[in-house]
Structures are given as C-alpha cells and as structure tokens.
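Take the sequence and the model below together.

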Amino acid sequence: MACAKPPESKINMESIAPDVVVATLETTDPNAPSANDQPTSESEPLNPDADDEQTPTQTAEQASTPVSQQQTDTNAPDQEYDKKNDQGHDNSEVNEEQQNPENAEQQTKTTDAEQLKSNKTTDKPATDDSDQQEDEIKEEKEAKLESYKQFAAEQFSNQKVDYPEVRVKIEANALPSRMYFIMNILSAIIASYGLVTNSAAVVIGAMLVAMMLGPITGVALAIIDHRMPLLRKSLITVLLGITLVLVVGFIVGWLHKDQPLTAEILSRTQPTSMDLMIALAGGTAGAYAMVSPHLSVAVVGVAVATALVPPLAASGILFANGEMQLGFGALLLAVTNIIAIQFTNALVLWVLGFRRLVDDDYKSSNYLTFLQRNAVTLLLLGGLGTYLTINLQTNAKQQVFESSVKEAINHYFIDKGNVLTNTQFDSTEQNQVVRAVIRGETTPSAYDVQQIETRITQDMAKNFPYYLPIKLQLRYLPVQVIESNPLTQDKLDKTDAAILTN
C-alpha cells in the first residue's frame, strides 16, 4: 500500500491587538478540514496501520493546540498589563520604548544632554571660584618673589665699604711683584707695536694687560695716611714701571727706525689741558672702583692705563728715532696723567673715610689737613695745568693759521683747474715752511707762488702778527682727462676736483 503524502501546510501569524497574536494553519488541499473544526466524536476510530501517517484532521488538531496555548499566553500579558496600570504609568513608558525604540533613544539622549547641561551650570561657579583662587595664589607668590628681589637688590646696593680689605688690596698692588713687571712688559710691547703700525685697536688691546693703577693708588693712600714707608715703596714701584715701559718702547723704536712716525705717535707729543681733564676723570673712576664692592677695578684700570702706557711707549720710540723734543712732550703727557690720577685717588679715598689722623691734625679741619698733605701734588698740578692750557691755546691758534693757509691756496687755484691735495707745515729759524701738493692741468709758476705768499702774509699781519714769515713750496702733479674719442678735450670740473682732493 502506498504511503499517503500529507498535504502542504502553512502557519499564518496575525496580530489582532497590541498584545494578542493569533496563529492559524493553512493547507493547500481544498478538501482538508479547517483548523477550527472540532471532531464530532472523541471515539472516532483511527487507522491503526498508519502510525507514521497523520490525517489532515489530526494535523489540524495538533496545530490548533499550540494556537490555543499561544492565545492563553497572550492573555497573560494583558493581566500583567492591568496590574502594572494599577501600580503606575512606568510600564506604559516601557511599552512605548519597546514599541518605538528610536523615540526612546532620542528621549534618553535629550534627557542626558539636559542633565549634563544642568551639571555644567551647577559646576561652573565652583570652577570659576577655583580658577580665581589659583590666580590669587599665583599673584601672591609673584608679589612675594618681587619683594624678595627688591630686598636683595637693596641689600646689595647698601653694602658698606670693607676698609681693612680695601687697604690690604691697595698695599698689595703697590708692591713690586713678578706679575707687575711681566704684565707691564707685555703691555708695553703690544702698545709699542700698535703705535708703530698706527693701529688704534692694538693700542687699546694693550691696556687689557697693563698694571699701572695699583702703585699710583698706593701713593695716594700713603699720602692721606701719612705713612712714609708705604709712600717710598709705592713711588719705587711706579718709577720701575715707567722705566720698564720706556725701555721697551726704546727697543721697539730702535728695531724699526726705518718706519716713519705715525699719527698715533705724533698725537701724544703735544699734551694739552684736555688730556689733564681725561686723566682726572679716569683717576676718579679708578679710585671709586677700587673702593666700591659693585665695580670691577680691571674695567676702570683699562681706561686709566690708556693714559699711561701709550705715552710712555711713544716717548721711548721717539727717543730711539732722535726726536728728543717730541719724546719729552710724550713723557710730559705721561707724567701729567700720573700726577692727576694720584690726586683724584687721594681725594676719593679721603672723602670715603680712608684717613689716619695724628695729634696735630685734630687742631684743624679735615679738608685743610687733606690740602696740607697733598700740597706738593697740588703745586705740580697747578703748574702743569697752566702750561697745558697755554699749549692748548697755541695749538688751537696754529690750527686756525693752517686752515687759513689752505683756504688761500685753494682760492687762488679755483679757476685754474688745480686742486690742493696735501699740506705739511714746518718751522725753521727764519721762516714757516709750507709744503703743498697741487694736482691739475695747469702747471704753477713762480709768479703763482709769489702771489699766494703775498696773500698769506697780508692775512698774517692782521691775525697772526707774531708768526714767522711764510715760505711756500708747491709740488705739482699733472692730471690729464682721457676719453675714447681722442679729438675730445675736456677740462676738469668740480667732480674731478673732489676726486683729486680725496
């Protein structure tokens, strides 16, 4: 017997309420009974031979059983729903979240944002207060630090002079030592070669190793303390230093006799009152630096040594070249600087309290005592100051005379295409010789020299009556204008004159 093939069936799910779902079984066999039909008799016989087969009725009954159970299960949430409605509206919100998960998530985000905003609003005053407290603490710390710095600066500025220590330093630097001689020898060598090569930078560099200020300050302290042993030692040290620099300058000048005298050497041969004022200012600065705890003596010592070592070295070089008058002029400048520096050192030390009085000193005032102890220095300064002032006036008058001579020569050749390029003034027993170098296109004649001398002599009679008669000597250098066209012949103009002058 062939096996009966069961008809194809399909379960249909239908929602009739929000919480109620109905399941029905549908078959493709039109003769199959409906799943809702109930059997008329419970004792209806079944086919015993078809254990593994199911009739459509049995299938419908088996399918209807879970449906009824599902209906029963769907009624259970209704009962719980009623109970939860009695307790409150929380379950309805849960059901709404289950039905509309997107709306629920959006509401959750909105609630979280509102809560975060409220938290920020609540925390903002606390944050501002903490920031304000931190700023106040920071400002308070900065104020304390600034106050401490001001206090430290005031304490440093109000440091008092250590009199015993300063005295020991001055006396130690006033003694002749190996370092004193070595450093001054090196300084003299550098300064001498700087003068010979006409290098101002080398001359200034030599001052970094000079040690001439120490013994001069020792002389000043010995005078105001009235201590003869210290005065003798300091004077010996100063004289040894001067001699040493002169000898080094003489040796360098003798080794380079063939070198012409440079402007750096000649500029130190005619001291004036201006050099005296420079020495006075430098000595005051050096003495104050020696006493003050805030200044370095080395820095001021350079300025002081500038007024000492170069003139001494220049004097030695001039003596080696046979220029005795110029050499004594440079030596006079060095001596003037030494005396001026010693006097200002003594004055500063006396004002700051470095003094040792004896019994006779209490009968007069302090300033009178100072003048009495520095009487010799004051007399020397007075005499040197008078001579240097006269020398300054003489130099100034000579410069005016030289300018007038140059102007007269230029004015005479202004229309002849010639230019004055250089002049040299020299004095003899009978005349003042003027050597002038002329460049141009017109050769000067003896008549031109005579006319220029006449003009200069007339001017000297009015402004320089005590000067010796002038004697002019012209050196002529011809200049020719050359262009690409040989037929073109141009003359010198103002531009050419400026070029030739330079």
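A nonpolar core is here a set of buried Ala, Val, Leu, Ile, Met, Phe, Trp, Tyr and Cys residues joined through side-chain atoms within 4.5 Å. Buried means under 20% relative accessible area, exposed over 50%, and partly exposed in between, with a 1.4 Å probe and protein chains only. The model is predicted: local features need pLDDT of at least 70, and side-chain atom pairs count only at pLDDT 80 or more, whereas totals for chains, interfaces and linings use all residues. Numbering runs from 1 along each chain as its sequence is written, and side-chain values use heavy atoms, with hydrogens and water left out.

The largest nonpolar core has 54 residues. Those with the most contacts inside this core are Leu 195, Leu 221, Ile 224, Val 309, Leu 349 and Phe 354. Helix H13 (residues 324-351) gives the most to the core, with 10 residues. Another core, of 18 residues, lies apart from it and includes Leu 420, Ile 438, Val 449 and Met 460. Helices (H or I, at least four residues) and strands (E, at least two) are DSSP runs, numbered from the N terminus.

Two helices can be checked for length, the expected span being 1.5 Å times one less than the number of residues. Helix H7 (residues 213-225) has 13 residues and reaches 18 Å from its first C-alpha to its last, close to the 18 Å expected. Of the 13 residues of H7, 13 are buried. H12 is mostly covered, with 11 of its 12 residues buried; among them are Val 309, Leu 312, Ile 317 and Leu 318. H12 is followed by Gly 322, whose phi is positive, near 80°.

Where does Glu 171 lie? Its place is in helix H4 (residues 163-174). With a relative accessible area of 25%, Glu 171 is partly exposed. Its C-alpha atom is separated by 6.0 Å from that of Gly 218, 47 residues apart along the chain. Leaving aside neighbours within four places in sequence, Glu 171 is in contact (heavy atoms within 4.5 Å) with Leu 221, Arg 227 and Leu 230. Asn 184 lies in helix H5 (residues 178-196) and counts as buried at 1% relative accessibility. Beyond neighbours within four places in sequence, the contacts of Asn 184 are Val 209, Ala 210, Met 211, Met 212, Leu 244 and Val 245.

On a 1 Å grid over the protein atoms alone, a cavity is a set of points where a 1.4 Å probe fits but cannot get out, and a pocket is an open set with protein on both sides within 12 Å along at least five of seven lines; lining residues have an atom within 4 Å of a point. Grid points are joined across faces, edges and corners, and a volume is the space filled by probe spheres set on the points.

A search of the whole structure finds 1 cavity of 30 Å³ or more. The largest cavity has a volume of about 50 Å³, and its lining includes Val 196, His 256, Ile 317 and Asn 321. The largest pocket holds about 1500 Å³ of space. Of the 33 residues that line this pocket, Thr 269, Gln 270, Leu 326, Asn 395 and Gln 398 lie nearest its centre. Helix H15 (375-412) gives the most to the pocket lining, with 9 residues.
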